[in-house]
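Good morning, and thank you for joining.

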Amino acid sequence: MTDTVLYEVSDGLATITLNRPEAMNALSVAAKVALREAVRSAAEDPAVRAVLLTAAGDRAFCVGQDLKEHIGLLAADRETGSGQTMSTVREHYNPIVRALAGAAKPVVAAVNGVAAGAGFGFALAADYRIVADTASFNTSFAGVALTADSGISWTLPRVVGPGRATDLLLFPRSISAQEAYELGVANRVVPAGELRAEAEKVARALAEGPTVALAALKESVAYGLTHSLEETLEKEDELQTRAGSSEDHAIAVQAFVNKEKPKYLGR
C-alpha cells in the first residue's frame with residue numbers, strides 16, 4: 001500500500017509530501033494521522049531547521065476532507081449514535097495546525113494545485129507560501145454545510161482582512177494564483193514547472209539560516225497580532241535576548257566584520 005504521506009529529512013530540511021494524487025490529496029483518516037505524525041516529528045526534531053510541505057501530482061495540493069470516506073463514516077455515526085466522525089477536528093486538524101504554526105522553525109508550503117477546505121487551512125498555517133501559477137484556493141466549508149476548521153477562521157482574516165475573509169467563507173469560490181498573490185495568500189507565484197525547485201531553494205535557504213532568530217521572528221509576529229504595543233515591546237526584548245545569546249548571532253557578527261558569508265549552526 002502506498003504511503004499517504006511521505007517524510008524525508010535532508011541537510012536540516014524536512015520535506016512532507018501529501019501522497020494521494022489519485023484522490024487530489026484528499027484527507028482520509030489514514031492521511032490525517034500520517035500528516036499529524038509527520039508535522040509533529042518535523043516540529044520536535046532539533047535536527048530539522050526548516051519544513052517544506054507539498055503534495056504529489058499536479059492537480060491538487062489538498063482538497064480537504066475525503067468526502068467519499070466521510071459519507072460512510074457519517075452513516076456509521078447515525079447507526080451507532082457515536083458522533084465520532086467530527087472529532088477529526090480535535091484529533092487531527094487542530095494538532096496539525098498547531099504543529100505547523102507553532103514550530104520553532106520556518107515552514108514553507110509549496111502549493112501545486114487546488115488547496116480547498118483544510119488544505120487551504122494547512123497552507124495558511126505555513127509561514128511562507130510559494131504557489132504554482134496553475135494553483136487555486138477555495139474555503140469550501142459552506143458549500144458542504146460546514147463551518148471553518150483547520151485554523152482558517154484565525155489565519156484567513158489576518159492575511160486578507162476580516163471583510164474579505166467573511167466574504168470568502170460565506171460565498172466559497174475559486175481564487176486563482178494571481179488573486180491569491182494580490183490578497184496576500186501567496187507570497188510568491190511561479191510557473192508550475194518551476195514550483196518544486198523554487199520551493200526547495202527557498203526552504204533550504206531557511207534551513208541554512210539562523211534558526212533561533214528565524215523562530216523568534218515567527219513567534220514575534222504571531223504574538224504582535226494579538227497583543228498591545230507595550231506587551232509586544234516586552235516580547236521583543238525577551239526574544240532579542242534569546243537570539244542575541246545564540247551561537248549563530250556570534251557567527252553572524254564575526255562574519256560581517258570579516259566580510260564573509262556566515263555558516264550558521266542553527267543554535
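I begin with the surface: the accessible surface of the protein chain comes to about 13,400 Å², and 56% of this belongs to carbon and sulfur atoms; the areas come from the Shrake-Rupley method with a 1.4 Å probe. This is a predicted model, in which local features need pLDDT of at least 70 and side-chain atom pairs count only at pLDDT 80 or more, while totals for chains, interfaces and linings use all residues. Residues are numbered from 1 along each chain as its sequence is written, and side-chain values use heavy atoms, without hydrogens and water.

The protein chain has eleven helices and ten strands, taken as DSSP runs (helices H or I, at least four residues; strands E, at least two) numbered from the N terminus.

Four strands form an open sheet of mixed pairing, in the order 4-6-8-9; two strands pair if DSSP finds at least two bridges between them. Its edges are strand 4 (60-62) and strand 9 (175-176), each of which pairs on one side only. Helix 4, residues 118-125, packs on this sheet and touches strands 4, 6, 8 and 9, contact meaning heavy atoms within 4.5 Å.

Finally, the interior. Buried residues, those under 20% relative accessible area, make up 43% of the 267 residues.

Notes:
Axes fitted to C-alpha atoms, helices over the stretch in contact; angles between N-to-C directions. Buried < 20%, exposed > 50% of the residue type's maximum accessible area, 1.4 Å probe, protein only.
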